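Please open the model in a viewer and keep the sequence panel in view.

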Amino acid sequence: METLLVVVFVVGYLAITLEHNLKIDKLIPALAMMAVLWALIAFGLDGFTSWFDSSEHHLMENFNTFGHAEKLELLEETLLHHLGKTSEILVFLLGAMTIVEIIDYFDGFSTIKTFVKTRSKKKILWIFSFLAFILSAIIDNLTATIVLISILQKIVKDRDTRIWYAGLIIIAANAGGAWSPIGDVTTTMLWIGKKVTTANLIEHLLLPSMLCMVIPSLIASFLPVFKGKIDAEEEEPPKSRFGAKMLYLGLGAIIFVPIFKTITHLPPYVGMMLSLAVVSTFAEIFSSAKFSISNVDEESDAASHHSPVHKALTKIELPSILFFLGILMAVAALESLGLLFNFAEGLKQGMPMIGTEMSSTHVSDLVILLLGVGSAVIDNVPLVAASLGMFSEPMNDQLWHFIAYSAGTGGSMLIIGSAAGVVAMGMEKIDFFWYLRKISWLAFLGFIGGAICFMIMRNLF
């Protein structure tokens, strides 16, 4: 039965990876895989010889002596446990996405365009790289990429030049998301899963992540495509006079979430709901103010009679939320039977150790680097979800920091390796092989440079 479960997971995984070839949204195989795996466990419950206690992180003793009713009760408790942990992540993401959409409702992100005062291609490259690095740490790398490419389209009209900028934005956004607990889904998973804390994550990953962004941008700044100046464009008037206020309020509210968690020790989604409530309150006040939105046409006039919060909720990425539900619960099914735990034990014994002092369980750096490279091909969410069930290192162990870095930045090596890359691919119609030839080597050098920096810092401090 265990073999059948692994086969179902592999088939589902392949369907997710090949979503563009199959033309099937990845949420479909993720949800189907989740349901089938848990159904197979329920049907074959009496045939399993081991069960993994996720709360204590070890295999349960005397599981064979349990009767059918006891095993069924344990299954329900385990399913509820994993659903609760997964829901914490999903509710957190829903709150963050809604705040971002409220900011966009007031055209707040257009304020960022005012930071670009130069026409030099090289200076614009550095401005957008640092903006992507910082913004992705606050509103996540996917949203930061969408925002910055949208602004880029208004500044750089030549598409051949613009796609180069887009490639460097992908690298910078993924690097920025790695050092922040709210910058990437995978780091959010590690943070909510109590594997890392905000202060330690920033302390250990800020410099490696910055190096991961700086190295590609520095090399690219010497390329011919970034020499010279761009043509000046006329400034567009802001659509809302409250745009800047909502931008700073929304970003401040998101930054407040880790602070709230540190003070109250409550789960992050509680702080996110408080932030959403505050931002929503001001959004309602601003939307009801007279002349809050200029250039009103019939469509926007009709929209102004509706709550900006309701409007924002209709625009959030629900398919992404359902995908995370499916993949996290599918991985939880394999974890519950101890398959991931046993795989990790075999991996630790079979892989050679390299470098100097390893983590408490002597996990090889090579394994984590391979996880980073693998995240360029396979979605990093299930990879990190699997690592949560595989390793039992304590909170803030260097293993978790390295996983956060590798999974967060490794996806930049292929345009399909990260959500930021996929959305940029769609927005600018970037060819897979163009990215492979022009950008991948830059992303690889940044990834290796940051990884070496992390190892040096770990051994020195």
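Axes here are lines fitted to C-alpha atoms, for helices over the stretch in contact, and the angle between two of them runs from 0 to 180 degrees between N-to-C directions. The model is a predicted one.

**First stop: H5 and H6.** Select residues 121-139, helix H5, together with residues 141-155, helix H6; their axes approach within 8 Å and cross at roughly 150°. Angles over 145 degrees count as roughly antiparallel, and H5 and H6 are therefore roughly antiparallel to each other. The crossing of these two helices, H5 and H6, is right-handed. Now display the side chains that form the contact: H5 contributes Ile124, Phe128, Leu131, Ala132, Leu135, Ser136 and Ile139, while H6 contributes Asn141, Thr143, Ala144, Val147, Leu148, Ile151, Leu152 and Ile155. Coloured by class, the contact of H5 with H6 shows 12 nonpolar and 3 polar residues, and no charged ones. The spacing along a helix may be read with one rule in mind: an α-helix has 3.6 residues a turn, so residues three or four places apart point the same way.

**Second stop: H7 and H9.** Next select helix H7, residues 159-178, and helix H9, residues 198-220, whose axes come within 8 Å and cross at roughly 170°. H7 and H9 are therefore roughly antiparallel to each other. On the H7 side, pick Leu168, Ile171, Ala172, Ala175 and Ala178; they meet Leu201, Leu205, Ser209, Cys212, Met213, Pro216, Ser217 and Ala220 of H9. The contact of H7 with H9 comprises 11 nonpolar and 2 polar residues, with no charged residue.

Move to helix H8, residues 185-192, and select Leu190 within it. Leu190 is buried, its relative accessible area being 0%. Which residues does Leu190 contact, leaving aside its neighbours within four places in sequence? They are Lys195, Val196, Val384, Leu388, Trp400, Ile403 and Ala404. A distance label from Leu190 to Asn396 gives 9.9 Å, C-alpha to C-alpha, across a sequence separation of 206 residues.

**Last stop: H4.** Finally, select Thr98, which lies in helix H4, residues 68-105. Thr98 is buried, with a relative accessible area of 2%. Apart from neighbours within four places in sequence, Thr98 contacts Leu276, Ala312, Leu313 and Ile316. Then view H4 end to end: at 1.5 Å a residue, its 38 residues should span 56 Å, which agrees with the 54 Å between its end C-alpha atoms. Asp107, which follows H4, has a positive phi near 55°.

Definitions and conventions:
Residues numbered from 1 in each chain as written. Predicted model: local features only at pLDDT ≥ 70, side-chain atom pairs only at ≥ 80, totals over all residues. Heavy atoms only, no water. Helix = DSSP H or I, 4+ residues; strand = E, 2+ residues; numbered from the N terminus. Buried < 20%, exposed > 50% of the residue type's maximum accessible area, 1.4 Å probe, protein only. Contact = heavy atoms within 4.5 Å. Parallel < 35°, antiparallel > 145°, perpendicular 65-115°, else oblique. Left-handed = near helix turned anticlockwise from the far one by under 90°. Nonpolar A, V, L, I, M, F, W, Y, C, P; charged D, E, K, R; others polar. Expected span 1.5 Å × (residues − 1).
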